[in-house]
Amino acid sequence: MRPSLRTLGATLAAVAVAAVAGCGADDAGGGVDLSQPVHVDVTAPPPTRLSAYNLFAWDPATGYTFNPTDDRVVPYDLNAPLFSDYALKQRAVYLPQGAAATYQPELVFDFPVGTVLLKNFAMAPDLRAPTVGVRLIETRLLVRYPDGWQPLPYVWNEDQTDAELAPAGAFEVIAFTDDAGQARTANYLVPQKNQCETCHARKPTPTAAPAIVPIGMKARHLNRGYDFGGAVGIANQLERLAALGMLTGAPATATIPAAYDLRPLDTGGVAAIPPADLDAAARSYLDINCAHCHDPNAVQGITSQLFLGHDNTDLFRLGYCKRPGSAGAGTGGFEFDIVPGSPDTSILYFRLATETVGAMMPLLGRSVTHTKGAALIHAWIAAMPPVDCTTM
Amino acid sequence: MIRTTLTAVSLVVALAACGSDANDFPTNSCADVTGTCVQIDGGDVAGLQTTVNTLSPNTTIVLGKGTFAMTNSLTIRAAGVHLIGQGIELTTLDYATTAAQVNGVDVQGNDFLVQDLTVQDAPKDGIRVEASDGVVFRRIRATWTTPSDSTNGAYGIYPVKSQHVLVEDSRAEHASDAGLYVGQCQHVIVRNNVVTGNVAGLEIENTQYADVYGNTADDNTAGIVAFDLPGNPIVGRDVRLRDNIIRNNNHVNFAPGGTVAKIPAGTGTFAMASRRVEITGNTYQNNNTGDIALISGLVIEPDTTKWELATATLAGQWDDLGLLPGAGAGTITNYRSENVVVARNTHMGSGLHPDLNDPLQFGVLLILIYATNPVDSVLYDSVGEPMFNSTDAAMNSNANRICVGGNTNGTFASMNLAEQSASRQVPFFRPAAPFAPFDCTTLNGGPIADVVLP
């Protein structure tokens with residue numbers, strides 16, 4: 001019964017996309033032409049086709065080619081990436097000619113109107129060969145309009161030739177083999193436009209009105225090397241942006257903190273993390289995967305009073321022997337968010353590891369367990385000096 | 001005026017051309033609406049989702065009769081949105097095939113109204129409205145189609161962190177936590193609703209100025225309750241539970257976990273960590289553990305430091321409440337239940353079969369104390385009273401200002417709960433009416449004022 005229901009879901013989502021396409025009339029195809037510059041018009045409604053931006057070309061065989069005009073589209077990666085059902089991600093930032101972002105030490109950089117942050121989500125049938133048979137599912141844009149950031153989800157067509165604006169999102173059941181050779185099935189959700197706020201709405205101060213903000217474009221996440229290819233080769237991402245005139249005000253890279261680089265976890269699992277680094281690695285993982293909600297300035301998640309940002313020094317609010325407010329099924333029958341030394345009775349680990357709807361965390365973007373990420377949190381809690389929370 | 005009417009008419013004409021059938025909009029249609037309005041045919045999920053995700057503020061969405069087989073949440077992020085169906089039997093948002101972990105209807109936006117529809121089988125909450133000012137739930141039903149299933153969503157009707165909230169003439173059924181849950185709100189009226197088959201029927205949590213009347217709570221684990229949880233900066237106050245029917249709340253507790261899983265089946269009402277509460281004019285009947293319990297928050301969280309709140313973070317008015325200071329500088333605590341009036345209620349047939357399976361073993365304690373006699377109608381835990389004596393009224397203090405009296409067929413006991421344990425029971429103080437020293441009749445600070453909504 002369930003597979004047929006899911007098919008219905010996918011069909012409905014496809015209908016939704018088709019309906020949206022039927023509403024638009026501003027761009028009659030044409031495709032991407034990388035000899036022409038990027039096209040972003042913040043005075044017009046968003047185009048219904050992604051190709052209208054002319055940001056990048058996608059070929060399942062050869063991958064991404066970013067628009068080279070004046071080097072205004074710069075790919076990047078994060079030290080600690082958000083997990084999204086094993087989707088393979090490619091990020092890039094576009095800034096209008098002559099405009100630059102302003103460095104911020106802790107928060108997201110200040111970006112000029114016309115900026116586009118893009119993130120491609122692709123799925124590979126077998127993650128042991130992650131470049132084979134890759135299918136681009138969606139491209140999410142955050143576009144900086146005069147009145148703020150607009151989230152715009154684009155869903156790729158079956159032929160992989162273009163993506164269409166899909167404010168209603170999409171849903172698809174995707175089977176694949178994970179990097180350990182295990183068969184997995186994701187209930188892959190392309191969030192609807194309004195759901196973007198679930199993660200991207202943030203209050204500048206705890207009492208201010210929320211606004212949509214990017215998440216990854218912070219110094220600590222970007223402070224790492226990236227292979228830009230060609231004559232540039234491997235360069236620090238912040239330095240590269242500065243050299244292109246796209247970032248101003250950044251201090252010397254050596255003085256900028258960096259989030260823990262989780263690439264070793266991705267390749268070697270938790271065994272590749274030195275024991276002395278467990279705390280830094282786990283906090284980095286929790287920060288990028290949880291703190292967009294579990295933060296005093298977030299919208300969702302503050303009810304829990306569980307704060308998982310990298311800079312939280314209040315161990316109780318980090319979950320140590322903390323009872324959840326109203327977690328319902330999310331408790332797994334356990335009492336405390338973190339029982340130091342006892343990951344298997346810690347709600348935090350349970351919610352990261354489970355695939356039960358209504359219990360798992362994060363709320364959106366994950367339908368299957370990130371095996372290595374859950375193992376990292378398990379090892380982190382296990383390494384804490386044991387505490388009997390019931391006597392505290 | 002004329003101009004607006006013309007606009008509405010032309011919209012209807014335009015929509016009619018797209019295939020809407022007047023028979024599908026028997027109760028409500030855009031013809032009844034002033035301002036921007038969109039009609040969605042019954043079952044047109046794609047049309048509904050596209051509309052909601054490209055919405056201008058102050059838009060009314062009228063759903064035709066039929067079932068919408070939803071694959072994702074209905075997420076509303078604009079102000080002034082009205083979502084109106086054709087009636088709870090005619091228009092259903094059905095989430096049985098939604099695999100994503102989402103609420104059914106998920107709203108952040110001021111001046112929201114939802115009316116005349118059913119939301120069923122939502123993965124998480126049925127209708128959650130958060131951080132919004134001006135919220136109306138009217139003639140809606142939030143339900144799950146499998147009764148007593150711990151995998152049902154947590155809350156049916158769920159306004160949270162919102163102001164000026166009205167919930168009326170609605171139904172909440174089969175939630176695995178609370179059917180109708182008002183959390184961390186200010187200025188709330190909840191009236192003439194029916195809650196049934198939930199773990200907790202109707203909950204008022206960390207909420208200020210709530211008037212709850214004319215509701216029926218039938219066949220839940222617990223009927224209508226008010227409480228504060230630790231660590232929340234909205235200190236609950238001025239909660240009026242009046243003229244409700246609270247009966248047969250003996251449903252097995254099917255909560256998957258959390259604090260609510262500890263509630264004994266057969267509970268009518270409790271007020272926990274609450275102040276300025278009036279429980280008046282209600283009809284209590286056949287709640288097997290007992291009708292009314294007045295208990296300290298320390299029962300669920302004994303660590304007083306976890307009840308400390310920095311006064312700088314507190315919402316609304318609190319400085320007239322005489323809250324106990326915390327150990328930390330500039331903090332108060334809100335674990336006490338105090339300043340409560342219980343009056344003019346009617347009690348029938350309750351307290352005869354306390355739940356013997358609740359994790360806190362309240363039921364076991366009650367059986368040991370009462371044997372086959374009915375449990376007293378109002379139980380007060382006496383936590384925080386400097387004086388307790390099971391036989392001499394003069395040797396009992398009423399430091400928490402608990403006022404009980406004038407109830408039909410109503411009895412009272414003070415439990416000395418701090419001294420009770422599974423291995424050792426001590427007698428309750430069970431005075432005859434008028435229950436001195438608990439015979440006061442008014443709240444400190446005057447009676448609770450009417451809640452006025454704009």
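Chain B and chain A meet through 35 residues from chain B and 39 residues from chain A. Two residues count as in contact if their C-beta atoms, placed from the backbone, lie within 7 Å. On the side of chain B that touches chain A, α2 (45-52) and β4 (74-76) of chain B each supply at least two residues. α2(B) gives the most, with six residues. Helices (H or I, at least four residues) and strands (E, at least two) are DSSP runs, numbered from the N terminus. By class, this side of chain B has 13 nonpolar, 17 polar and five charged residues. Here Ala, Val, Leu, Ile, Met, Phe, Trp, Tyr, Cys and Pro are nonpolar, Asp, Glu, Lys and Arg are charged, and the others, Gly among them, are polar.

The model is predicted: local features need pLDDT of at least 70, side-chain atom pairs count only at pLDDT 80 or more, and totals for chains, interfaces and linings use all residues. Residues are numbered from 1 along each chain as its sequence is written, while chains are lettered from A and ligands numbered from 1 in the order in which they are written.

Now turn to chain A. Its domain assignment gives domain 1 (2-255) and domain 2 (264-391). Such bounds come from an automatic or database domain assignment. The centres of the two domains, taken over C-alpha atoms, are 27 Å apart. Their contact takes 25 residues from domain 1 of chain A and 21 residues from domain 2 of chain A.

Which elements give two or more residues to the domain 1 side of this contact? They are β11 (183-190), α2 (196-200) and β12 (201-202) of chain A. β11(A) gives the most, with four residues. That side of domain 1 has 14 nonpolar, six polar and five charged residues.
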